[in-house]
Amino acid sequence: MKISDIFETKSKTVFSFEVFPPKRTSPIESVYGKLEEICALKPDFISVTYGAGGSGEKNRTCEIASKIKNDFKVEAVAHLTCVNSSKEDIDRNLVQFKECNINNILALRGDIVEGIEPKKEFMYASDLCKYIKTQGDFDIAGACYPEVHGEAENEVEDVLNLRKKIDAGAQHLISQLFFDNSAYYRFIERTKIAGINVPIEAGIMPVTNKKQIERMVSMCGASLPAKFAKIMQKYDTKPEALRDAGIAYAVEQIVDLIANGVDGIHLYTMNSPYVARKITEAVSKLL
Ligand code: FAD
């Protein structure tokens, strides 16, 4: 099923997950048990990252997405980045997706890595969206940034660039994680002003350990509201309490987003069945 159809036919808030493939050094089967548990929660779809944890992981995106869709019977979205890819690399991926029955793609530029000269064929995600559209019957999603993408000059330029991605074929959007819902609501207002009318899912990451918070803030520049920082500080030395507080904070964010009419919630599960289950149990009747 296409993700656009899920948005069109659902009478409730769409609820989806993100997972990542294991590193090359671990056998691919090492995540199957966790994936099966996560799939058993029956989200509307699961997206699978591409190369975000190192280059060796790339080719496993299709394999994991295929396992989710064809064996565990949950709709899957494969992430695909383009800035360091040639047209041939992209073609190879698209052929693989078709062979594995994957027709939903999250089209991304990918990060520009210091010391690696981008291959100039796809400069932006919008270039990839445009190309994918010519290559088959794919449903295309794009990424968006409630607190503005790190390279954008300002929030106006960022949302105008986002509009280009929609015009190039992105049919719905998934947001970067954030901890401050008011930043998300301001972003939604900007998208409306820019004439962006596609469904937008809010990316929520339940923070369950201190290292993860530091990594996330440095990687995606998400601001930490004082309330959140205080909770994290209080349970700094108590891992289980910190995990439970992180889950509770995410649930509170989700309840507020649903009450405010969000199109969907995309949960960054970090491959944790425990976290995915706790959150699903807490919000499933509210969707
Ligand atoms: P773009 O939409 O191309 O935007 C990049 C920058 O260029 C922005 O500053 C934008 O304002 C600007 N821009 C865009 N179009 C134009 C234009 N036409 N002219 C001028 N400027 C323009 N990374 C991975 O490596 N693997 C993953 O699996 C992955 N999954 C992700 C999932 C989500 C939901 C999100 C939010 C991010 C993910 N990322 C992933 C990270 C992503 O690759 C980076 O954030 C990357 O830096 C930007 O990708 P993009 O697709 O948003 O880029």
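**Exercises on a predicted model**

Gly 33 sits in helix α2, which spans residues 32-39. The model is predicted.

**Exercise 1.** Is Gly 33 buried, partly exposed or exposed? Then state how far Gly 33 lies from Glu 240 in sequence and in space.

*Solution.* Take the relative accessible area of Gly 33: 42%. Buried needs under 20%, exposed over 50%. Gly 33 is therefore partly exposed. Next, the separation. Gly 33 and Glu 240 are 207 residues apart in sequence. Their C-alpha atoms are 23 Å apart.

**Exercise 2.** Describe how helix α10 packs against helix α11.

*Solution.* Start with the geometry. Helix α10 (residues 239-259) and helix α11 (residues 273-283) have axes 10 Å apart, at an angle of about 40°. That angle makes α10 oblique to α11. The crossing of α10 past α11 is right-handed. Now the contacts. From α10 come Arg 243, Asp 244, Ile 247, Ala 250, Val 251 and Ile 254. They meet Tyr 274, Val 275, Lys 278, Ile 279, Ala 282 and Val 283 of α11. By class, the residues of this contact are nine nonpolar, no polar and three charged.

**Exercise 3.** How many aromatic pairs are there? Classify Phe 122 with Tyr 131, then Phe 179 with Phe 228.

*Solution.* The count is seven aromatic pairs. For Phe 122 and Tyr 131, the ring centres are 5.5 Å apart and the planes at 65°, so the pair is edge-to-face. Both residues, Phe 122 and Tyr 131, are buried. For Phe 179 and Phe 228, the values are 4.5 Å centre to centre and 20° between the planes: stacked. Phe 179 lies in the loop between β6 and α7, Phe 228 in helix α9, so the pair ties together parts 49 residues apart in sequence. Phe 179 and Phe 228 are both buried.

How values were computed. Residues are numbered from 1 along each chain as its sequence is written. This is a predicted model: local features need pLDDT of at least 70, side-chain atom pairs count only at pLDDT 80 or more; totals for chains, interfaces and linings use all residues. Side-chain values use heavy atoms; hydrogens and water are left out. Helices (H or I, at least four residues) and strands (E, at least two) are DSSP runs, numbered from the N terminus. Buried means under 20% relative accessible area, exposed over 50%, partly exposed in between (1.4 Å probe, protein chains only). Axes are lines fitted to C-alpha atoms, for helices over the stretch in contact, and angles run from 0 to 180 degrees between N-to-C directions. Angles under 35 degrees count as roughly parallel, over 145 as roughly antiparallel, 65 to 115 as roughly perpendicular and the rest as oblique. A crossing is left-handed if the near helix is turned anticlockwise from the far one by less than a right angle, and right-handed if clockwise. Contact means heavy atoms within 4.5 Å. Ala, Val, Leu, Ile, Met, Phe, Trp, Tyr, Cys and Pro count as nonpolar, Asp, Glu, Lys and Arg as charged, and the others, Gly among them, as polar. Rings of Phe, Tyr and Trp (its six-membered ring) pair if their centres lie within 6.5 Å; planes under 30 degrees apart count as stacked, over 60 as edge-to-face and the rest as tilted.
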